[in-house]
Amino acid sequence: MSEDELIIVANRLPVEAVTGPTGEVTWKVSPGGLVAAVEPSLKGRQGVWIGWNGHYETPGESTLPPIPETADNRDYRIAEVPLKRQDVELYYDGFSNSALWPLYHDAIATPIYHRNEFDAYRRANMLFAQAAARAAAPGATVWVHDYQLQLVPAMLRSLRPDLRIGFFLHIPFPAPDLFLQLPWRRAIVLGILGADLVGFQTTGGARNFLAVTERLLGWPAKSNIVEVPGAHGGRRESKVGAFAVSVDVDRLDRLARSPETANRAQQLRKDLGSPRTILLGVDRLDYTKGIDVRLRAYTELLEEKRLDPAETVLVQVATPSRENVDEYQRIRDDVELIVGHANGSLGRIGAPAIHYVRDSLPIEELMALYQAADIMLVTPLRDGMNLVAKEYVASRINDDGALVLSEFTGAAREMPQSWLVNPYDMDGVKEAIVAAANAGHDEKRRRMRAMRAHLLKHDVQRWAAEFIDQLTTTTET
Ligand code: GDG
């Protein structure tokens, strides 16, 4: 262990246990945005990733095989936080995903508050804080991630005041009036303020957090720095800022330029019946992502004959997610109803209107799909950033293609050259899809070039470096 080590604390490890058809267990990279964003920041660095392995500890059940030390060219170590089934149900499915997730996404679904779930959240946060306190060398830097662990910064500070602690929220921080619903709002704000540096995806998120801090605690910020009462009557500073997360552009560029990707993209196009226009959606199957919005818009456009079903196909990849939470089962049913209706009434044998894949695909296959897609549809009702939009832009090495993007994503701030839409305005979404489908080559090129120029300069390595640099300089005295 050395002081230069970076300790990552996140709910999930970057790998998860998957049980095969014959019961054998293997480890594979966990899906989702957090791992995609944070993994590259540890590449080539000494460090430890602390998290839950995705498995429920049940007494009497066989234990998991050890996580391979060297998989995926990993240089860092992994420290597992074991959680019991009941803890996970209350802390993760419960408080994190049934209260915080909907609340922070503008209460699109109704947040459900249960006191016993918050108690479990507190207990689980303490387990993560204790694991970090054990793993960190004196004076080490610890970077805590996301809404499942908002109490960890303050807990860790009380266990280990010598550490530099950063916290980053991957999802939006909501408007004060919404956040103030939360029965445990003070505990959450105080928990986050245990960090020396607090990062949000957008300046709006940072502003909301500072407003809530002032309203709840009466601590105003000066130049985005909050003075926090410390131990023994002292004071310490907590700095708050916006750091827009991004993608590993070099890696995606290499993948996009490989002949295998080009061949696979061509094959996909053929398999889809060589249509004039391929539209694509790629999301975790989550009600915040507006999958239903785009499928409805597309179906209406086919029904109204504004898009020709003989020349257009839509592919929707929906990765299963949080299937223990009721709202996720509901959105899956909704989406599948729309797909069934569209294919039943508009598809032909061998030529469905919507190709729906409910599975997690390898990244190589995703890149081929991005390359085959003429129009990428990213229509969340609210999203912290949205990496899929950035991955699509990173894959368009010929400056072609079109991105239809919801205004309510963090990515929209950085990609105003996309076809921006309000996902609540169905007619507006339809207009944007038609405009993107009919846009000329030059217009698409102009827009894509501008988005690529921005993205190439703002990759995930820069995001992590800026956060870690600020964290290290913020706490230097
Ligand atoms: C949270 C915030 C923020 C999806 N399907 C497959 C697959 N994916 C990958 C995508 C992308 C990632 O998952 C999804 O990232 P998003 O950013 O779109 O969304 P969340 O999972 O909700 O992420 C979000 C992010 O954290 C980072 O801070 O941007 O706002 O909600 O990388 O490619 N990957 C593979 N197969 C799939 O089928 N391999």
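Tutor: By class, the lining of the largest cavity has 8 nonpolar residues, no polar ones and no charged ones. Keep that in mind while we turn to the ligand. One caution comes before that: this is a predicted model.

Start with the neighbours. The ligand is surrounded by 25 residues. The closest are His 170, Thr 319, Leu 361, Asp 383 and Glu 391. Sorted by class, this shell holds 12 nonpolar, 8 polar and 5 charged residues. Domain 1 (6-245 + 461-473) and domain 2 (249-457) each give the shell at least three residues.

The side chain of Arg 284 places an N or O atom 2.8 Å from an oxygen atom of the ligand. For the side chain of Gln 201, the distance from an N or O atom to a ligand oxygen is 3.1 Å. Gly 384 uses its backbone: a polar atom there is 3.1 Å from an oxygen atom of the ligand. On its own, the ligand has 730 Å² of accessible area, and the protein covers 92% of it.

Strand 12 (277-284) and helix 12 (363-372) each supply at least two residues of the lining of the largest cavity. The count is 1 cavity of 30 Å³ or more. The volume of the largest cavity is about 40 Å³. Its lining consists of Leu 268, Leu 272, Ile 278, Leu 280, Val 315, Leu 369, Ala 372 and Ala 373.

Technical notes. Residues numbered from 1 in each chain as written. Predicted model: local features only at pLDDT ≥ 70, side-chain atom pairs only at ≥ 80, totals over all residues. Heavy atoms only, no water. 1 Å grid on protein atoms, 1.4 Å probe; cavity = no way out; pocket = protein on both sides within 12 Å on 5 of 7 lines; lining within 4 Å. Points joined across faces, edges and corners; volume = space filled by probe spheres on them. Helix = DSSP H or I, 4+ residues; strand = E, 2+ residues; numbered from the N terminus. Nonpolar A, V, L, I, M, F, W, Y, C, P; charged D, E, K, R; others polar. Near = heavy atom within 4 Å. Polar contact = N/O pair within 3.5 Å; in protein donor to acceptor, adjacent residues only side chain to side chain. Areas by Shrake-Rupley, 256 points an atom, 1.4 Å probe, with all protein chains shown as cover. Domains from an automatic or database assignment.
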